[in-house]
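Hello,

Here is the structure I promised to pass on to you. My notes on what turned up follow just below it.

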Amino acid sequence: MKPETLSIHAANLYKAATGDVTQPINLSTTFFRDENGGYPGGHMYSRVSNPNRDALEQVLAGLDKGEDAAAFSSGNVAGMSLFQALEPGSHIIAPDDMYWGFKKQLLTIFNKSLAFDFVDQTDLDQVRTALRPETKLIWVETPSNPMLKITDLAAISALAKERNIIFACDSTFASPLLQNPILFGADLVMHSTTKYIGGHSDVLGGVLITAKKDSFWERIRNIQQTGGAVPGPFDCFLLLRSLKTLSYRMRGHCENAARLAGFLRGHAQVESVLYPGHADHPQHEIAKKQMSAFGGTFSFLLSGGETAARKLVNSLHLFAQATSLGGVESLIEHRFSVEGPESKTPRNLVRVSVGLEHIDDLIADMEQALAAL
């Protein structure tokens, strides 16, 4: 099935006696056992499994071309569960432009159990140089947050497979509709389902998708089910509802982002626009190869420095100054002030998640804010 069809029909796993077209929310935390102690309904306890979570995982695995998926209560927990599944002493090669939440995990939670290097993964020589005998994971983020770097998935896959290293990709900025890292050789894909998959800024979640059910995946499943950081039935219901419109929402996000990025690119107050859809983006050709469109989130740098960046985000009316991305409403943020004094993000960088408002209104709002600088 095509993604538009899959996202609507793959969740219809259960046909209740009442004939529901939409799967009902199953709030039960525990399930009947039969006279022999078995579980005839297929579920024992909601921390381990739940009909709504099963349906969500099936849809997400299908959309990202994987064999299985494990849903979590947040994107941070999804990534953390993968790190937890590694043996102590393992070495990770991570991107220098890594989502700050995951970077903070490595620096403050796993700093005594794992080793890691942050390198520019757009330069394969840097990745090769960072390899160690104990390297067990190459963690890629493409497009990256907030610099919109694009990493060559096929090239990283070849490097990882030569040395039997796990290759995982944070594909949150792309969503399963724009990019399927498993088709380019990734072993695991991570999404913050809070973002484009949820799409309405009203549900928290994360997911890991695996290319195959191997022993490492069983370790992740054990962490999910035994640790218990899982989404509730209503969270899963909301995500399944949102998935049904993901294909059409992503088209709008991408179209609006391309128009807004084009407007900003020619503005006197803008130093540069970091958008992989532009031909002069350093990895534009790689993006064309592995993405079906260039996404709805990008960053731009203001020629007036940090002062101009802070003023801009406070001068807009339709762009909400708020953390996150992927919602139907446009969001904007001065990233350095979020990430803190140790951040390497340029102080004049503004990240924008372009929503589904009319693009003429968004451009007019941005135009008046830039004029006030």
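**Overall fold**

For 373 residues, a compact globule would have a radius of gyration near 21 Å, and the protein chain agrees with this because its own value is 21 Å. That radius is taken over C-alpha atoms, and the globule rule is 2.2 Å times the number of residues to the power 0.38. Please keep in mind that this is a predicted model, where local features need pLDDT of at least 70 and side-chain atom pairs count only at pLDDT 80 or more, while totals for chains, interfaces and linings use all residues. Residues are numbered from 1 along each chain as its sequence is written, and side-chain values use heavy atoms, with hydrogens and water left out.

Along the principal axes, the C-alpha atoms of the protein chain fill a box of roughly 75 × 55 × 35 Å. The chain has 14 helices and 12 strands (DSSP runs: H or I of at least four residues, E of at least two, numbered from the N terminus). Of the 373 residues, 54% are buried, that is, under 20% relative accessible area with a 1.4 Å probe, protein chains only.

**Around His267**

His267 sits in the loop between α10 (246-265) and β8 (270-274). A polar atom of the His267 side chain lies 3.0 Å from the backbone nitrogen of Gln269. Leu302 is 35 residues away from His267 along the chain, and their C-alpha atoms are separated by 9.8 Å.

Technical notes:
A polar contact is a pair of N or O atoms within 3.5 Å; within protein, one must be able to donate a hydrogen and the other to accept it, and residues adjacent in sequence count only if both atoms are side-chain atoms. Buried means under 20% relative accessible area, exposed over 50%, partly exposed in between (1.4 Å probe, protein chains only).
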